[in-house]
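Dear colleague,

Please find below the structure that I am handing over to you. My notes on what was found in it follow directly after.

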Amino acid sequence: MKKTFSFFLLLSFAVSAFAQNSRMIADIKSHTDGMAVWWAGHNSWIIKSGGLVLTTDLWLENGSRMAPAPITPEEMASVIDISFVTHAHGDHFNEYTSKVLLEQSNCIFVMPESCLAVAKKLGIPDQRIVVAKPREPFEVKGIKVEPIRAIHGNANFAIYYEANLQDCGYVLNINGKRFLQPGDSYLLEDHLFAKDIDVLFFSPTEHNMYIDRSTILINTLQPDYIFPQHHSTVKVSEENRFWAKGYPEEVKIWIDDELKNRYHVFEIGEKKLIR
């Protein structure tokens with residue numbers, strides 16, 4: 001009886017995950033009016049404007065996630081145009097996801113020099129890579145890109161031993177809306193100097209901007225849309241708490257009252273229109 005119950009429980013989870021995946025890709029494909037963002041967990045954002053679909057740090061491998069990703073790499077490959085990568089860690093430049101995108105799509109990969117070794121390992125050809133260098137703007141497929149410096153943190157609120165000056169965050173100008181994706185980084189003046197940010201993604205984890213620096217960033221930039229990331233995706237343990245646990249609700253307490261109305265904690269798979 002227990003084995004039968006377990007089988008049907010697993011089957012139920014599988015059917016539920018399949019239905020969720022089907023809904024998300026259908027929603028992305030059917031969205032044709034204006035701009036929208038979807039959260040696939042962690043730092044994985046899907047942005048669609050007109051017919052263009054781009055992503056940041058797409059991680060759709062299910063191994064260490066608490067629940068299956070809301071969309072599969074194969075489904076994503078059917079719509080993606082640009083994959084932005086901030087750094088080479090596997091929960092940001094995910095090899096499994098990127099390999100599927102390489103083989104089943106024609107997307108462009110935008111990445112810092114620190115990611116080129118992984119890209120070579122995956123066999124991504126040079127013609128599908130745009131190398132981003134901090135503070136050197138460029139344009140790709142009509143998107144104006146301003147790469148900004150990212151300095152990776154670690155446990156105990158320390159700067160990561162292997163942090164480098166090649167990792168990137170991005171300011172993306174998409175049809176007049178400016179998105180800031182800092183990647184994994186401590187708070188830098190590069191972030192505070194960003195101008196006219198409409199949509200802010202930020203990571204309130206111990207190894208990124210935590211609570212106090214996230215609050216400084218939000219209160220300084222005053223964005224129209226404020227979306228926490230890097231939380232509620234991986235099961236938290238004492239060993240991974242410094243990067244797996246985020247504090248989005250704690251940050252909300254400390255931001256200006258007017259900004260609380262612009263602050264939105266997504267459920268994984270959720271969509272938001274950008275007006």
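In this predicted model, helix α6, which spans residues 212–221, has the buried residues Arg213, Ser214, Thr215, Leu217, Ile218 and Leu221. The elements that cover these buried residues of α6 include the strands β10 (177–181), β11 (199–202) and β12 (225–228), together with the helices α5 (189–192), α8 (248–254) and α9 (257–260). Just after α6 comes Gln222, whose phi is positive, at about 50 degrees.

Leaving aside residues up to four places away in sequence, Met76 touches Ile46, Val53, Thr55, Leu58, Leu60, Ile71 and Leu101.

Finally, I would draw your attention to Glu136, which sits in the loop between β6 (129–132) and β7 (138–140). Is this residue, Glu136, buried, partly exposed or exposed? Its relative accessibility is 46%, so Glu136 counts as partly exposed. Between Glu136 and Asp184 there are 48 residues of separation in sequence, and their C-alpha atoms are 19 Å apart in space.

With kind regards

Conventions. Residues numbered from 1 in each chain as written. Predicted model: local features only at pLDDT ≥ 70, side-chain atom pairs only at ≥ 80, totals over all residues. Heavy atoms only, no water. Helix = DSSP H or I, 4+ residues; strand = E, 2+ residues; numbered from the N terminus. Buried < 20%, exposed > 50% of the residue type's maximum accessible area, 1.4 Å probe, protein only. Contact = heavy atoms within 4.5 Å.
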